[in-house]
Amino acid sequence: VVFLAGSGPTDRDSTLEPNKPLKDLAWGLASNPIAVVRWDNPSAESSKISDENITLQKEYLPYADAAIKALREKLASSYIPFFVLGHSLGAMVAPMVANADAKLKGIVMLSAASGKMYNSALKQMKYLVSLNHQPPFATQEYVDLLSKQVAAIGNPDFNAKSKGELPFGAPASYFRILQPGKDYQVTVEDDLTMWKEGLEGKENTEIKVYEGLNHFFMAGQGPSTPDDSALEGHVDEAVVMGVCEWIKNSC
């Protein structure tokens, strides 16, 4: 199974505070035994890629392709099937990898957003403001600024000549579905609904919601917030075993 981590300078474990959700998943799969390949996102090492030229394709596709090719060469004499597992933005990229490689057996998408990243970010900020979450980002002023930037991108006359016009100063260029019930970054109401509509009638597709889990498929108390990342936890065992069983049954 080739892992695709979430957005930004994320390492192979998807480390956030004391938590390492992709490490939990990797060890869980390897214990079953299902081999896993993973790596640090190129943006985790500034020497590998410039933020001026970074795109979704550059951040993910060459590395996924190289990993799959290396595995095929190493296991050329076997009939072991290959899967791709992505989390968050990595889950959005997983279908791109599959479209480029018809030999892949299947993909697993965890917390897969269904729309543009900037729309998702605006939705997250509005949610945090509604909870009176503490700054620096969860303020009405920041929501107002981000709303203007998102609206500018949607304008047919938009031409990104200045980074200041874009959310976060980003450059202009950028199936089994598992969804945590308490995720405010990728939600059941919005994102999962769109996936269900888009995949309606498609064979060999499964969608499962894990109630009570946050964006990293870890349990927590109360509404989910960024503070969840500071609380040490592990990916729920039911998620790990569900992925293992699905992969084995798909072989």
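Biologist: Where does Glu17 lie?

Modeller: Glu17 belongs to the loop between β1 and α1; helices (H or I, at least four residues) and strands (E, at least two) are DSSP runs, numbered from the N terminus. The model is predicted, with local features needing pLDDT of at least 70 and side-chain atom pairs pLDDT 80 or more, while totals for chains, interfaces and linings use all residues. Residues are numbered from 1 along each chain as its sequence is written, and side-chain values use heavy atoms, with hydrogens and water left out.

Biologist: Why is Glu17 called exposed?

Modeller: Buried means under 20% relative accessible area, exposed over 50%, and partly exposed in between (1.4 Å probe, protein chains only). Glu17 has a relative accessible area of 53%, so the residue counts as exposed.

Biologist: What makes Ser111 buried?

Modeller: The relative accessible area of Ser111 is 0%, and therefore the residue counts as buried. Ser111 is placed in the loop between β3 and α4 (117-130).

Biologist: What is the phi of Ser111?

Modeller: Ser111 has a positive phi of about 55° although it is not a glycine. Glu17, also not a glycine, has a positive phi near 55°. Most residues other than glycine have a negative phi, and most peptide bonds are trans.

Biologist: Which peptide bond is cis?

Modeller: The bond from Asn32 to Pro33 is cis, with omega near -5°. Pro33 sits in the loop between α1 and α2.

Biologist: Why is Lys248 called partly exposed?

Modeller: Lys248 has a relative accessible area of 40%, so the residue falls in the partly exposed class. The residue is part of helix α7. Beyond its neighbours within four places in sequence, Lys248 is in contact (heavy atoms within 4.5 Å) with Asn32, Pro33 and Ile34.

Biologist: Why is helix α1 described as largely enclosed?

Modeller: Seven of the 10 residues of α1 (residues 21-30) are buried, so the rest of the structure largely encloses this helix. The buried residues are Pro21, Leu22, Asp24, Leu25, Ala26, Gly28 and Leu29. Their cover includes β1 (2-4), β2 (83-87), β3 (106-110) and α7 (237-250).

Biologist: What makes the pair of Phe83 and Trp246 edge-to-face?

Modeller: Rings of Phe, Tyr and Trp (its six-membered ring) pair if their centres lie within 6.5 Å; planes under 30 degrees apart count as stacked, over 60 as edge-to-face and the rest as tilted. By this rule there are two aromatic pairs. The ring centres of Phe83 and Trp246 are 5.9 Å apart and the planes stand at 70°, so this pair is edge-to-face. Phe83 and Trp246 are both buried.

Biologist: How do you know that Tyr210 and Phe217 form an edge-to-face pair?

Modeller: Their ring centres are 6.4 Å apart and their planes stand at 75°, so this pair is edge-to-face. Tyr210 and Phe217 are buried.

Biologist: What makes β1 and β2 a pair?

Modeller: Two strands pair if DSSP finds at least two bridges between them. β1 and β2 have three bridges in the parallel sense, and Leu4 stands opposite Gly86 in β2.

Biologist: In what order do the five strands form the open sheet?

Modeller: The order is β1-β2-β3-β4-β5, with parallel pairing. β1 and β5 (206-210) are the edge strands, since each pairs on one side only.
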